[in-house]
Structure formats: structure tokens, C-alpha cells
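Please read the following report beside the sequence and the model. It treats the helix pair, the sheet and the ligand surroundings in turn.

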Amino acid sequence: MSEPPPASDETAPFGFRDVPAGEKQRLVGGIFSSVARRYDLMNDVMSLGVHRLWKDAFVDWLAPRPGLTYVDVAGGTGDIAFRIRDRVMRRGAAAIHVVDINAEMLQVGRSRESEAALTHPITWTCGNAERLALPDGFADAYTIAFGIRNVTHLAAALSEAYRVLKPGGRFLCLEFSRCDVPVLDSLYDAWSFHAIPALGARIGGDGEAYRYLVESIRRFPDQETFATLIGEAGFGQVRVRNLTGGIAAMHSAWKI
Ligand SMILES: C[S@@+](CC[C@H](N)C(=O)[O-])C[C@H]1O[C@@H](n2cnc3c(N)ncnc32)[C@H](O)[C@@H]1O
């Protein structure tokens, strides 16, 4: 009789804790199921509305064009997909796909669809960034906003991004990063570790979920380290743009 395979001792960061890697996806799923209904409201409250400016800057840099295929991974309630559609609609149509692991986040996104859905539909699919159910060379652009720090295996998600892009396709990521502006960094710390969990408990209904979100930001690689990981996944021309002193950063790269 063969022995059962040994239990893996691989771990993954979950906030400030390390958890068995096989557990992380379920724990992250619980967080977003808990916050889904109030996610959009809480984004405005936690960032004082600034996340809207960051997402606008992100889609500005993407410069969407009609006739192309866009995949927004960890797309949640659709903030990036709606912005891409709004930019393209005036000049034509694009194929826009939102993929997210959490059905409740996607459901909130679908419920935000406007009349534009009749003429410019968005495709909403439940799926894991680490194993996308999309063919090789499917997309002209792959976007991921505030999603990649939640995946269990960063390298697997980056390699999937590379796989589903066409040669010459664009990778664009928006994520929290390292703020290196004196005074702003201390204010940001105080806001993150005191105000956000308290607001999360009062408005979002789950302080612990918001504590995870803040902690997960601090465990995510800084701008330079993340740029190196993107290069290691095979991408070229990796560029970084900081937003609000590096509180958030955008990484752009191309499949070569
Ligand atoms: C902070 S939200 C960002 C949502 C949206 N992109 C935005 O900017 O508002 C993070 C999203 O990542 C999703 N997510 C977490 N792990 C994932 C994975 N492995 N694959 C796909 N989506 C994932 C969550 O379900 C959640 O909707």
C-alpha cells in the first residue's frame, strides 16, 4: 500500500500571520464575502474617495481602445471594468471580462450594471487568478487592481497573466505599496491601524476583515521588489508610477 502524501508545510501570508498555503484562499474568501455588500461604500470611506482618483489614473495609463479584449482579474464589483467601458463606449466597443474568485463581489458588480449593459455587456466570471479558465494569448490587456496581494502564490498569478496575454499584450497592476514621504507615512500608519479597523467595525460591520486588509498591504512587496517579480514572470519594459507618495503604485509591463 502506498503512503499518503506528506502534508505540505508551505505557508502564505494572511495579514501579519502566516497560515498554511492551502488555507489562504478560503480565509480571503471569507473576508470578501463579509465585506462585499458594503465594499464600495467602505472604499470611499477608508480612502476618503481617493481610490476613485487612483482608479482613474490607472485607466488613463491603460488608455483603453475599441476593438481590444480586456481581462480585469480580481475585478470585484467592477470599478475598473466600468471605467474601461466608459472610456471605450464613446468610440466603439471592446470585449471586457471580469474574473473574481468571490461570487458575492461579482454579484454586487452585476447589480451595478447600467443601461450600457444592453449595448456594451461585460462578462462576469468566477475564477482564480492562479488558474484562469482562459486560453493562451486571449487578451490584449490584463488588469488587476488591489487584487494581487490577496492571491496565495504571487508567481503563479503573474505567470497566468503572462500566459493569457497576446504577444505584445499589456499587464497593468494597481496595488497598495510603500509610502516614502516623511509625515505622510506616519499619518498613513495612524489612519491604517487605528481609523480603518474602527470604521470597518462601525460601517463595514467587520473590524477584523479591515484589519486583514491593512495588514496584507504591509506584507506585500515594495515597488522595486514587485517590479523584479514581474520581470521574472517573463515581462519586459516594467515601469512603476507612484500614487499619493507611494501609498499606491501602478506597475506596467509588456509580454515580449
Ligand atoms: C480589494 S478587492 C479589489 C476589487 C476591485 N479590483 C477594485 O479595485 O475595487 C480584491 C478582490 O480580489 C479578489 N480575489 C482574492 N483572491 C483572488 C484570487 N485568487 N483570484 C481572483 N480573485 C481574487 C477578491 O474576491 C476581491 O474581490
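A crossing of two helices is called left-handed if the near helix is turned anticlockwise from the far one by less than a right angle, and right-handed if clockwise. The model is predicted, and local features need pLDDT of at least 70, side-chain atom pairs count only at pLDDT 80 or more, while totals for chains, interfaces and linings use all residues. Residues are numbered from 1 along each chain as its sequence is written. Helices (H or I, at least four residues) and strands (E, at least two) are DSSP runs, numbered from the N terminus.

**Helix pair**

H8 passes H9 in a right-handed crossing. Helix H8 (residues 184–204) and helix H9 (residues 207–219) pack at about 145°, with their axes 7 Å apart; axes are lines fitted to C-alpha atoms, for helices over the stretch in contact, and angles run from 0 to 180 degrees between N-to-C directions. Contact is counted where C-beta atoms, placed from the backbone, lie within 7 Å, and on this basis residues of H8 including Phe193, Ile196 and Pro197 meet residues of H9, among them Tyr210, Arg211 and Val214. By class, this contact of H8 with H9 has eight nonpolar, four polar and one charged residues, where Ala, Val, Leu, Ile, Met, Phe, Trp, Tyr, Cys and Pro count as nonpolar, Asp, Glu, Lys and Arg as charged, and the others, Gly among them, as polar.

**Sheet**

Seven strands make up an open sheet of mixed pairing, in the order E5-E4-E3-E6-E7-E9-E8; two strands pair if DSSP finds at least two bridges between them. Strand E5 (122–126) and strand E8 (235–243) stand at the edges with a single partner strand each, so one side of each is left without a neighbour in the sheet. From one strand to the next, the twist averages 15°. Two of the pairings are set out below.

| Pair | Bridges | Direction | Opposite residues |
|---|---|---|---|
| E7 (residues 165–176) and E9 (residues 248–255) | seven | antiparallel | Leu174 and Met250 |
| E8 and E9 | seven | antiparallel | Phe235 and Lys255 |

E8 and E9 form a hairpin with four residues between them, and Thr244 in the turn has a positive phi of about 50°. Helix H3 (residues 50–62) lies across strand E6 (139–145), E7, E8 and E9, and runs at about 165° to E7.

**Ligand surroundings**

A residue belongs to the shell if its C-beta atom, placed from the backbone, lies within 6 Å of the molecule. Of the 20 residues around the ligand, Ala74, Gly76, Asn102, Ala129 and Asn150 come nearest. The shell divides into eleven nonpolar, six polar and three charged residues, and helix H1 (21–35) and helix H4 (79–89) each supply at least two of its residues.

Key
Contact = placed C-beta atoms within 7 Å.
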